[in-house]
Amino acid sequence: MVDRPPIGAVIREERIARGYTQAKLASLCDITPQYLSLLELGEVNVSFDTLLSISTALEQPLSSLVARAETLHAGSEVSSSTAQSGGKTRPKTARPSHKTAKKP
């Protein structure tokens with residue numbers, strides 16, 4: 001399974017910020033409220049055309065929605081890797097220089 005950015009969470013956030021119900025946004029995008037619900041939950045793959053329709057209805061550039069999803073995804077990767085290490089991050093250690101000193 002592909003670990004994809006949570007575009008559905010971004011769409012939900014933007015929909016709520018605009019005061020749209022799922023039924024209202026779905027109607028504007030010519031999709032069903034059930035499909036929009038599954039999309040927001042990340043349960044379905046979404047077509048590019050549907051994403052364009054949603055971004056238009058939300059008056060947001062698609063690139064902006066995708067960038068926000070990638071930012072959320074990157075944050076969750078950091079959180080999960082920190083959780084796997086017991087909340088500790090390993091400090092960076094100095095690497096030895098491979099340069100040799102010139103003899104006088």
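Reply: One definition is needed at the outset: a residue is buried under 20% relative accessible area, exposed over 50%, and partly exposed in between. The model itself is predicted. With those terms, the face of α4 turned away from its buried side carries the exposed residues F48, D49 and T56.

Me: Which residues of α4 are buried, and what makes them one face of the helix?

Reply: The buried residues of α4 are T50, L51, I54, S55 and A57. Seen down the axis of α4, these residues fall within an arc of 160 degrees, so they line one face of the helix. In general, an α-helix has 3.6 residues a turn, so residues three or four places apart point the same way.

Me: What is the overall secondary structure of the protein?

Reply: The protein has five helices and zero strands. Along the sequence the pattern reads α-α-α-α-α. Of the 104 residues in the protein, 22% are buried. The protein exposes about 7800 Å², and carbon and sulfur atoms supply 56% of that area.

Me: What share of the contacts with a separation of 6 or more joins residues 24 or more positions apart?

Reply: Residues 24 or more positions apart account for 58% of those contacts. A contact here requires heavy atoms within 4.5 Å.

Me: Why is G8 called buried?

Reply: G8 has a relative accessible area of 4%. The label buried applies under 20%, so G8 is buried. G8 is found in helix α1, residues 7-17. Leaving out residues up to four places away in sequence, G8 touches L39 and E40. The C-alpha atoms of G8 and N45 are 9.9 Å apart in space, while the two residues are 37 apart in sequence.

Me: E40 is a glutamate; is E40 counted as buried or exposed, and how do you know?

Reply: E40 is at 5% relative accessibility. Since buried means under 20%, E40 counts as buried. E40 has its place in helix α3. Apart from neighbours within four places in sequence, E40 is in contact with G8, A9, I11, R12, R15 and Q22.

Me: What makes the buried residues of α3 lie on the same side?

Reply: The buried residues of α3 are L36, L39 and E40. They cover an arc of only 95 degrees around the axis, which puts them on the same side of α3. What covers them includes α1, α2 and α4. Just after α3, G42 takes a positive phi of about 75 degrees.

Me: Why is Y35 called partly exposed?

Reply: The relative accessible area of Y35 is 24%. Buried requires a value under 20% and exposed a value over 50%, so Y35 belongs to the class in between and is partly exposed. Y35 lies in helix α3. Not counting residues up to four places away in sequence, Y35 touches V44, N45, V46, S47 and T50. The C-alpha atoms of Y35 and Q22 are separated by 9.6 Å, the two residues being 13 apart along the chain.

Me: How do you know that the buried residues of α2 line one face?

Reply: In α2, the buried residues are L25, A26 and C29. Seen down the axis of α2, they fall within an arc of 100 degrees, so they line one face of the helix. Their cover includes α1, α3 (33-40) and α4. Just after α2, D30 takes a positive phi of about 60 degrees.

Me: How do α2 and α4 cross, and which residues make the contact?

Reply: The axes of α2 (residues 22-29) and α4 (residues 48-57) come within 9 Å and cross at roughly 115 degrees. The crossing of α2 past α4 is right-handed. The contact is made by L25, L28 and C29 of α2 together with S53, I54 and A57 of α4.

Me: What is the make-up of this contact in nonpolar, polar and charged residues?

Reply: The contact of α2 with α4 divides into five nonpolar residues, one polar and no charged. Just after α4, E59 takes a positive phi of about 55 degrees.

How values were computed
Residues are numbered from 1 along each chain as its sequence is written. This is a predicted model: local features need pLDDT of at least 70, side-chain atom pairs count only at pLDDT 80 or more; totals for chains, interfaces and linings use all residues. Side-chain values use heavy atoms; hydrogens and water are left out. Axes are lines fitted to C-alpha atoms, for helices over the stretch in contact, and angles run from 0 to 180 degrees between N-to-C directions. Helices (H or I, at least four residues) and strands (E, at least two) are DSSP runs, numbered from the N terminus. A crossing is left-handed if the near helix is turned anticlockwise from the far one by less than a right angle, and right-handed if clockwise. Ala, Val, Leu, Ile, Met, Phe, Trp, Tyr, Cys and Pro count as nonpolar, Asp, Glu, Lys and Arg as charged, and the others, Gly among them, as polar. Buried means under 20% relative accessible area, exposed over 50%, partly exposed in between (1.4 Å probe, protein chains only). Accessible areas come from the Shrake-Rupley method with a 1.4 Å probe; for residues, only the protein chains shown count as cover. The arc is that of the directions from the helix axis to the C-beta atoms.
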